[in-house]
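Please examine the sequence and the three-dimensional structure shown below. The text that follows is meant to be read alongside them.

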Amino acid sequence: MPAMRAINVLAGSLLAAACAHAGGVALPMVPAVAQADREGGWASDRVLVKLARGAAAWRERDGSIAVRGADGAPDAALAAAMRELGVANATRASSVGAQDAARAAAIGIDRWFELSLPRGSDAPAAVARLAALPTVEVAELVGIGGIAADAPAPTDPGYPLQWGLENTGQSVNGVAGNAGSDVRARAAWHLTTGSPDTIIAVLDSGVGAHADFAARMLPGWNVPAGNADTGDQCSSHGTHCAGIALARGNDGSGTAGMDWNAKLLPVTVLSGCTGFTVWLADGLIWASDRGAHVMNLSLQYSVETQYLRDAVAYAIGGGALVVAASGNTGTSGVAVPARWPEVIAVGSIDAFDSPAGNTAVGPQVDMAAPGVAIYSCVGTSQSDFRSGTSMAAPHVAGTLALMRAVAPGAAPAQLEEALRLACVDVSNAGFDDRTGWGRIDAGAAVRRARTLMGLGDIDRDGEVGGFDLGLLLGAWGTGGYDCLADLDDDGTVGGLDLGILLGNWGGAN
């Protein structure tokens, strides 16, 4: 009891909240956490077991449960354990079967059985008892989950036109897409809207001082001119890309970008709308030396040069994630520098999850993002539609910035891998030459990134401890934006989140 009292005193002394919300919240006492038969927990009336190869379980006509061991003989120990646990039935876990029987057998899907228990049973204890038996290869709980929480829709008037962030099937430019064919931005914003500690460099035709991000622009550099004039020189191309990545959201004006808080480092590498590879190379070196964490290259070149590739290596060696448009080259192949494996190559898809007609094709494409009829910033306060892989790439750059906000200590390679694993398969099944590993899912990617720091590490210092507890208790009962304390993703900070945090107490990377 003294330890719990100390925890409550510590929590009560911390005032920072882990979610954006209105009004004050009284800090509760630490409640008991009941995770059985609740979303985010497990079922009390069933467990799963994967039996050893050759073993089986079934229900006899008299209602008894029979068990055969791997040697074909009755397994008295497992049968006795089932009787003592009150197992009323044993059935194949899969209710749908598997068409590829050989593949299912190789994995062992056909050896999974569901054991029914009396409701209210101590399922974790039953799992421990079963797992100790020789015939049982794996015993586990049956988890209970639900939809991952989304933040509210932002108040930006242009947001309903941004199907790439949220596709409800709305009509945009006369085209009604497929609901859900989007990057799930709101699911990401529930956990974070970004961090001012992250710098996104946009290497382009320059970037205009648009109202949606001007306050977060850092002094940039114009490589061709050799000066600090980074105004947009090509019909707001760089401005449009920057808006996709980091226009301020939920501010009642303009549009919403992926990351609302990251800083923008503008780097002009074109003169007008064209430029030399050496200018891009020098821009990469310059941005790396100024601490850019993510670099967006909505550019395409056809000639490979070692100087440019060395500059890419310099940027990556400095800790940057380099994202590039795969190119609007269609079947002609992936453009430079996206074609290089060290660069994240992004193809373009439309509101139906179909690859855009001109998106580059090739095995170098890593993933895809919305790139058709994308509504974003132009000029200093306006918005307009643009299409191309140039628009797809900054969706990825902004997502990586959000991931870095929840996992600032993660290595760039870890973030890239988490982003890839979170992709949703579209187009052809599996990896394909037009969409790579699939459409990015920002919500799933940010959740994956959060686990890199340790689930419960709300203050992102690499350890789950008292400050994290204080942040969680300060956010009790809330949801909305920037809610890292919602550890079970149910939309509200409560007892299950507390249980997860305490279960990971002292954990560190």
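The model is a predicted one. In general, the strands of a sheet pair through backbone hydrogen bonds, in either a parallel or an antiparallel manner. Within this sheet, β1 (residues 42–51) and β5 (residues 112–116) run antiparallel and are joined by five bridges. Lys-50 is found opposite Trp-112 of β5.

On the α2 side, Leu-78, Ala-81, Glu-84 and Leu-85 make the contact, while α4 contributes Ala-126, Arg-129 and Leu-130. Sorted by class, this contact of α2 with α4 comprises five nonpolar residues, no polar residues and two charged residues.

The cysteines come next. How many disulfides does the model contain? The count comes to one disulfide, and this bond joins Cys-234 to Cys-273 with an S to S distance of 1.8 Å. The link of Cys-234 and Cys-273 is right-handed, with 105° about the S-S bond. The pair connects distant parts of the chain, 39 residues apart: Cys-234 belongs to the loop between β10 (221–222) and α6 (237–246), and Cys-273 to the loop between β11 (263–268) and α7 (277–289). Cys-234 has a relative accessibility of 14% and therefore counts as buried, whereas Cys-273, with a relative accessible area of 47%, is partly exposed. Two further cysteines may be considered for their accessibility: Cys-377 is buried, with a relative accessible area of 0%, and Cys-423 also counts as buried, at 13% relative accessibility.

Attention now turns to a hairpin. Strand β16 (residues 374–378) is mostly covered, five of its five residues being buried. Its partner is strand β17 (residues 382–386), with which β16 pairs in the antiparallel sense over five bridges. Across this pairing, Ser-376 stands opposite Asp-384 in β17. Three residues lie between the two strands of the hairpin, in which Gly-379 adopts a positive phi near 65°.

Is Leu-455 buried, partly exposed or exposed? Its relative accessible area is 25%, so Leu-455 is partly exposed. Beyond residues up to four places away in sequence, Leu-455 touches Arg-450, Val-464, Leu-487, Ile-500 and Asn-504. The C-alpha atoms of Leu-455 and Asp-497 are separated by 9.9 Å, and these two residues are 42 residues apart along the chain.

Definitions and conventions
Residues numbered from 1 in each chain as written. Predicted model: local features only at pLDDT ≥ 70, side-chain atom pairs only at ≥ 80, totals over all residues. Heavy atoms only, no water. Pairing = 2+ DSSP bridges. Helix = DSSP H or I, 4+ residues; strand = E, 2+ residues; numbered from the N terminus. Disulfide = S-S within 2.5 Å. Buried < 20%, exposed > 50% of the residue type's maximum accessible area, 1.4 Å probe, protein only. Contact = heavy atoms within 4.5 Å. Nonpolar A, V, L, I, M, F, W, Y, C, P; charged D, E, K, R; others polar.
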